[in-house]
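Here are my notes for you, as promised. Keep the viewer open while you read, and look up each residue as it comes along.

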Amino acid sequence: MLHIELDVFSGRPNPHWKLTAREERELIERLKANRSGLRQVNDVESKLGYRGMVVTADRSSQERLTASGLPPSFRLREATGLQVSDVTERWLLHTPGAQSTISPEVGGVVDLTIGSPSAQQEGAGQAIAACATWSSTWADLNTFWNGARRPTNNCYNFASSLATGTFAQPGRGTGSIFTALTIANIKAAVFRDGYTSACNDDRFVSYLCIWPGTDFHFYHRIADYIGGLQRWAHKPGSTPATNVDNSGLAITNPVTCNRGPYTVDGSPYIYPRVNPRSTIN
């Protein structure tokens, strides 16, 4: 059996579904005919929004893939700029298993992204004044987060500067996980975990934004500067941490950078504890 993971979220776990035997045969035939979309699982850009589909096989399906000259696990991501309606990703997106798993909001964003460059959307709002807080250099963060810790830690782990290996969810560490994908509800949950709304000593600086009704995402201010402005970094889901936005530009203000579908501005900034760390899980 083939398992499909839609790599799209940053804070929440990604959607998964299974292919039927007929769908598995069709996928194999499609890939035998055109392998241009095949990538290694870890060949992924750290962007917000859709990043491809990860295909993994159980033992019997591994044998069928191997017999067809295909790897037992891989990422599907067609090159951008394709102007066709039947690329393999889009076909998978419209299989019954996907349709019963993925919300119309998520499916619509993915459908628009397949075969096209990432959407260029900017958040609105204004930057918050800087204050004396803790931060790490990008070189140190890159070393710490983009090795063995990468797959099991998400944007909330990164913003909290704490690798739990649990794909941390706001509020879960203190026994009351968030109940709605709104700025107010997510902030209430992170405040329970030890974040604060005011800047003081022994605090990091983080920023929350939301993909409306779908997912949350956090940014983390780092010690590096560009043009006299302090930079930010983030970690989209299980992908590598990065210090650029969806346009590939340095982030000096998460409110106005390209955040893809995460258009709900969560200003003002919020402040995770440094010592002890916030209680996340």
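1. The overall picture. The protein has eight helices and nine strands, and what you are looking at is a predicted model. Of its 281 residues, 50% count as buried. Take the contacts between residues at least 6 apart in sequence: 68% of them join residues at least 24 apart. A search of the whole structure turns up eight salt bridges, and a few of those come back below.

2. Which residues of α1 are buried? They are Glu-23, Glu-24, Leu-27, Ile-28 and Leu-31. These residues sit on the same side of α1, because they cover an arc of only 135 degrees around the axis.

3. As a reminder, side chains of opposite charge can pair when their charged atoms come close. Arg-22 pairs with Glu-26 in a salt bridge, with the closest N and O atoms 3.6 Å apart. Since they are four residues apart in helix α1, about one helical turn separates them. Glu-26 counts as partly exposed because its relative accessibility is 28%. Now find Glu-24: it forms a salt bridge with Arg-64, and here the closest N and O atoms are 2.6 Å apart. Arg-64 belongs to helix α2 (residues 59-67) and Glu-24 to helix α1, so this pair ties together parts that are 40 residues apart in sequence. Glu-24 is buried at 5% relative accessibility, whereas Arg-64 is partly exposed at 40%.

4. Asp-7, Arg-51 and Arg-75 are linked in a network of salt bridges. The side chains of Arg-51 and Asp-7 meet at 2.9 Å, N to O. Arg-51 lies in the loop between β3 (38-39) and β4 (53-57), and Asp-7 in the loop between β1 (2-6) and β2 (16-18), so the pair ties together parts that are 44 residues apart in sequence. Are these residues buried or exposed? Asp-7 is buried at 1% relative accessibility, Arg-51 is buried at 5%, and Arg-75 is buried at 5%.

5. Arg-75 up close. This residue is in strand β5 (residues 73-76). Its side chain makes a polar contact with the side chain of Asp-7 at 2.9 Å, and also reaches the backbone oxygen of Arg-51 at 3.0 Å. Leaving aside residues up to four places away in sequence, Arg-75 touches a list of neighbours including Gly-37, Leu-38, Gln-40, Val-41 and Met-53.

6. An arginine without a salt bridge. Arg-259 lies in the loop between β8 and β9 (264-265). Arg-259 is buried yet has no salt bridge. What does the side chain of Arg-259 reach at 2.8 Å? The backbone oxygen of Tyr-262.

7. Most residues other than glycine have a negative phi, and most peptide bonds are trans. Ser-161 has a positive phi, near 55 degrees, and Phe-167 has one near 50 degrees. Ser-161 is in the loop between α7 (155-160) and α8 (183-192), and Phe-167 lies in the loop between α7 and α8 too. Ser-161 is buried, with a relative accessible area of 15%, and Phe-167 is buried at 16%. Then look for the cis peptide bonds: one runs from Ser-267 to Pro-268, another from Asn-275 to Pro-276.

8. Gly-228 is in the loop between β7 (215-226) and β8 (229-234). It counts as exposed because its relative accessibility is 62%. Gly-228 and Thr-252 are 24 residues apart in sequence, and their C-alpha atoms are 9.6 Å apart in space.

Terms used
Residues numbered from 1 in each chain as written. Predicted model: local features only at pLDDT ≥ 70, side-chain atom pairs only at ≥ 80, totals over all residues. Heavy atoms only, no water. Helix = DSSP H or I, 4+ residues; strand = E, 2+ residues; numbered from the N terminus. Buried < 20%, exposed > 50% of the residue type's maximum accessible area, 1.4 Å probe, protein only. Arc of directions from axis to C-beta. Lys, Arg positive; Asp, Glu negative; His and termini not counted. Salt bridge = Lys/Arg side-chain N within 4 Å of Asp/Glu carboxyl O. Polar contact = N/O pair within 3.5 Å; in protein donor to acceptor, adjacent residues only side chain to side chain. Contact = heavy atoms within 4.5 Å.
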